[in-house]
Amino acid sequence: MNIESMLREGLAEDVQRVPVADDPWPSFARREVRHRRVKRTRIAAASLVLAGAIGLQSGLVPMPGWAPGLAVASMNDELINSPLRGSLAGDTAWLDGMRAAIPDLPDEEGSGYWKVRRDKIRFLYASDVGAFRMVLAYVPLQMGVLAQPQLVWYQGPAGAAPEAMDWSSYGDAGERVTANLGMAPDGTNVFVVVGPAGSRAAIRPGFEFTAEGRLKMDEPMGGIGNTGVAEAVLEPTYSLEPLGVVEYEGNVDEVGFGGSFNGPDPTGEILESLVKKVRGDNDFDYELLHTFVDSALWRAGVPLEGLLIDLRWTGVVNGSPAALFTVQEPGHGVVAFAFHGTTESFSADLEMLMPAAGVEDRPIAWRMRGEEHGDIETDRVTVIAPEKAASVSLEITGQAPVDVVLDETGKGEATVEPDQEASVVAHRADGSELSRSPVLPFEGRETMIGETRGTRLVP
């Protein structure tokens, strides 16, 4: 009798019956996108989102830091094994202090935590840059049997002690290039791109939403850095998308924030006035509308001064308060945004660039994602009619038009399979066509507005 074989087989069968909790990191990533507070004034709120998301995995027994774990993310050895760069590369005392200061990430209920394996931390970039001190670290995180290595940016004022450094942003350890944006109240802002040693980087400084409804982007500024780190001071009032274009061994990677910079408003007075003006006599919750508009303006990247915002519709989506509004820099294209949720948890359902001409007469539709099972693509479409429309119909390619039933707010719902092409058509009282808009395909969360077919109305 081979006792070792019997034990091995028995233990293997037992392992198959042990319930293992699902990896909580994808849920965290999805919720972090929904709650996005990219501005540095939102770091505290983002930290709360982090804690709340980690709490999704409850009842998991914490595992000792020395124990092996099941890795659920890839690593990019080119970047992870790059030499430490930056002005603090030789300051071993400060780096040792930073290693000790990097916190574990407990969930709110105390039933589990992402534990930092400090002996495995690797610093890839540490430097004072302009008004900031920035650190990029490879940080292995572990919760129970799950290991989730991450590239994490930490940021503080120039000269900051390790204890004064705050979490800034994170990225998957499989990324080959990563970036961080420092935004100072006085407008002295810095964008840093880090890639493998030997890579070259450039910064694309600006973009424009044309009146015809297209995205026009400036050419990248070449020659910025040649050691894998690009540092550029950004103009404080210039609307831009900080996008690093990194060349390495014949390949090109682009790294950005999925958002853009529209100039400093340290006290928030301009934003407050914009929200109050667009809300007007509408009884929609002011704080929630403020949250939606703030997120939209960060994504649009348009200058705040003189900005035109039109609240097209308010109502309910998926049982939560919802709003549809448009944003326009005078003389340029119009961007439509749809949000639903609360100030603590909201979703950006639509980001669509449209031509300026006839925008007030256009019906607007967007596809809905499921919220209970990982943001899956559904066949549900939300339709909002323009004020002048007497009725709205849906035209699926190859099928007969069908009427869309509208409620008292001008909202309707339709069914379109994710792979089907369709348009919504607004009609006048006599049945003639007022205007039409395509139902855009599903789009990833990190694309630039107007860059792809899923974020612009014109082909």
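# Pairs, burial and a helix span

Reader: What makes strand β23 (residues 391–396) and β24 a pair?

Author: Strand β23 and β24 are joined in the antiparallel sense over three bridges, and two strands pair if DSSP finds at least two bridges between them, so the three bridges meet that definition. The strands themselves are DSSP runs numbered from the N terminus (E, at least two residues; for helices, H or I, at least four). This is a predicted model, in which local features need pLDDT of at least 70 and side-chain atom pairs count only at pLDDT 80 or more, while totals for chains, interfaces and linings use all residues. Residues are numbered from 1 along each chain as its sequence is written, and side-chain values use heavy atoms, with hydrogens and water left out.

Reader: Why are β24 and β27 called the edge strands?

Author: The open sheet of four strands has the order β24-β23-β26-β27, with antiparallel pairing, and β24 (402–404) and β27 (433–438) each pair on one side only.

Reader: How do you know that strand β5 (residues 132–143) is largely enclosed?

Author: Buried means under 20% relative accessible area, as against exposed at over 50% and partly exposed in between (1.4 Å probe, protein chains only); 12 of the 12 residues of β5 are buried, so this strand is largely enclosed by the rest of the structure. In a regular strand the side chains alternate between the two faces of the sheet. Both faces of β5 are covered, with buried residues including F132 and Y138 on one side and R133 and V139 on the other.

Reader: Which strands pair with β5 in the antiparallel sense, and over how many bridges?

Author: Among them are strand β4 (residues 122–129), over seven bridges, and strand β6 (residues 146–157), over 12 bridges. In the hairpin of β5 and β6, two residues lie between the strands, and G144 in the turn has a positive phi of about 60 degrees.

Reader: What caps the N-terminal end of α7?

Author: The cap is D285, which has a side-chain oxygen 3.3 Å from the backbone nitrogen of E287. Just after α7, G301 takes a positive phi of about 70 degrees.

Conventions. A polar contact is a pair of N or O atoms within 3.5 Å; within protein, one must be able to donate a hydrogen and the other to accept it, and residues adjacent in sequence count only if both atoms are side-chain atoms.
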